[in-house]
Amino acid sequence: MKWKIEDAILFENSDFFVINKPSGISTLDERKDVFAPNILRLAKAYSDDAQVGHRLDKETSGALVIAKNPEAYRHISMQFEHRETAKRYHAVVEGMHDWDGMLVNLPILPLKDGIVVIDRAKGKHAETWFQTLKVYKNYTLVECMPITGRMHQIRIHLACLKAPIVADAMYGGKDIYLSELKKKFHLKQDTEELPLIRRVALHAHSLSFNLLDGSPITVEAPYPKDFGVLVKQLEKFS
């Protein structure tokens, strides 16, 4: 079944629409594969003058705002530039962490191979707040609030806290299997166990911004199936 952008709309008016972006689709054109579908192209097919207000990594799911006209695009761009929007992400991370407003303020430098590092001399200012939502056995569900919008910011900041995101191999996160959680686990003969989630366990859960008339709005994006299953299994067996 082909994914349709109109099926993912969470909010819409004459200036904006907010979608629940699925994992596996880039926000903009990919350098490696210019023919791969991307959100901007699909959005323009839905609304001619569409422009994306911000980016989500290809693997990250969740709330993404799209402007329908140039005035709306300027309006949302300025809000992101002046840090007047609020983005809240949910991540499942390794380890058991009790954070109540944990701030990470470490500068980030992107390298040529699409990875980022912490570099206190050459890196750009990057800040993220972290809040524990639920502690499970060996894992934690965390809310992440980036103040700045650097590439892979949440991922590298969590890795610095020795809490890499589940399945984020780029920054030290390992896969999670049901057999780790469930005491009595039997795999059928000649079958290989698959991980509970097959992408970085990061979801843009909500987005707050101001509409063109100045009224504030917060749009929440429900968990996609894979993220929901992961959290459910952690609840069940922890």
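Trainee: Why does Trp-99 count as buried?

Mentor: In this predicted model, the relative accessibility of Trp-99 is 9%. Buried means under 20%, so Trp-99 counts as buried.

Trainee: What makes the rings of Trp-99 and Phe-130 a tilted pair?

Mentor: Their centres lie 5.9 Å apart and their planes stand at 50°. Rings pair if their centres lie within 6.5 Å, planes under 30 degrees apart count as stacked and those over 60 as edge-to-face, and the rest count as tilted. The pair is therefore tilted.

Trainee: Which parts of the chain does the pair of Trp-99 and Phe-130 tie together?

Mentor: Trp-99 lies in the loop between β5 (86–94) and β6 (100–105), whereas Phe-130 belongs to strand β9 (residues 127–135), so the pair ties together parts that are 31 residues apart in sequence. Phe-130 is buried, its relative accessible area being 0%.

Trainee: How many aromatic pairs does a search of the whole structure find?

Mentor: The search finds four aromatic pairs. Among them is the pair of Phe-17 and Tyr-46, which is edge-to-face because the ring centres are 5.1 Å apart and the planes meet at 65°. The cut-off for edge-to-face is an angle over 60 degrees.

Trainee: Where do Phe-17 and Tyr-46 lie?

Mentor: Phe-17 is in strand β2 (residues 16–21) and Tyr-46 in helix α1 (residues 39–46), so the pair ties together parts that are 29 residues apart in sequence.

Trainee: What makes Asp-57 and Arg-155 a salt bridge?

Mentor: Their closest N and O atoms are 3.1 Å apart. A salt bridge requires a side-chain nitrogen of Lys or Arg within 4 Å of a carboxyl oxygen of Asp or Glu, so the pair of Asp-57 and Arg-155 forms a salt bridge. By this rule the count comes to seven salt bridges.

Trainee: Why is the pair of Asp-57 and Arg-155 said to tie together parts of the chain?

Mentor: Asp-57 is in the loop between β3 (51–52) and β4, while Arg-155 is in helix α3, so the pair ties together parts that are 98 residues apart in sequence. Helix α3 covers residues 153–160. Asp-57 is partly exposed, with a relative accessible area of 26%, and Arg-155 is buried at 8%.

Trainee: Which residues are linked with Arg-155 in a network of salt bridges?

Mentor: Asp-57 and Asp-168 are linked with Arg-155 in that network. Leaving aside neighbours within four places in sequence, the contacts of Arg-155 include Asp-57, Asp-168, Tyr-171 and Leu-202.

Trainee: How do you know that Glu-143 and Arg-88 meet in a salt bridge?

Mentor: Their N to O distance is 3.0 Å, and the limit is 4 Å, so the side chains meet in a salt bridge. Glu-143 lies in strand β10 (residues 139–146) and Arg-88 in strand β5, so the pair ties together parts that are 55 residues apart in sequence. Glu-143 is buried at 13%, and Arg-88 is partly exposed at 33%.

Trainee: What are the values for Lys-174 and Glu-94?

Mentor: The side chains of Lys-174 and Glu-94 meet in a salt bridge at 3.6 Å, N to O. Lys-174 sits in the loop between α3 and α4 (178–181), and Glu-94 in strand β5, 80 residues apart. Lys-174 has a relative accessible area of 54% and is exposed, because exposed means over 50%. Glu-94, at 15%, is buried.

Trainee: What makes strand β11 mostly covered?

Mentor: Eight of the nine residues of β11 (residues 202–210) are buried.

Trainee: In which sense do β4, β5 and β12 pair with β11?

Mentor: Strand β4 (residues 61–67) pairs with β11 in the parallel sense over two bridges; Ser-61 has His-203 as its bridge partner. The pairing of β5 with β11 is antiparallel, over six bridges, and Ala-86 stands opposite Ser-208. Strand β12 (residues 216–220) also pairs with β11 in the antiparallel sense, over five bridges.

How values were computed
Residues numbered from 1 in each chain as written. Predicted model: local features only at pLDDT ≥ 70, side-chain atom pairs only at ≥ 80, totals over all residues. Heavy atoms only, no water. Phe/Tyr/Trp six-rings, centres within 6.5 Å; stacked < 30°, edge-to-face > 60°. Helix = DSSP H or I, 4+ residues; strand = E, 2+ residues; numbered from the N terminus. Buried < 20%, exposed > 50% of the residue type's maximum accessible area, 1.4 Å probe, protein only. Pairing = 2+ DSSP bridges. Contact = heavy atoms within 4.5 Å.
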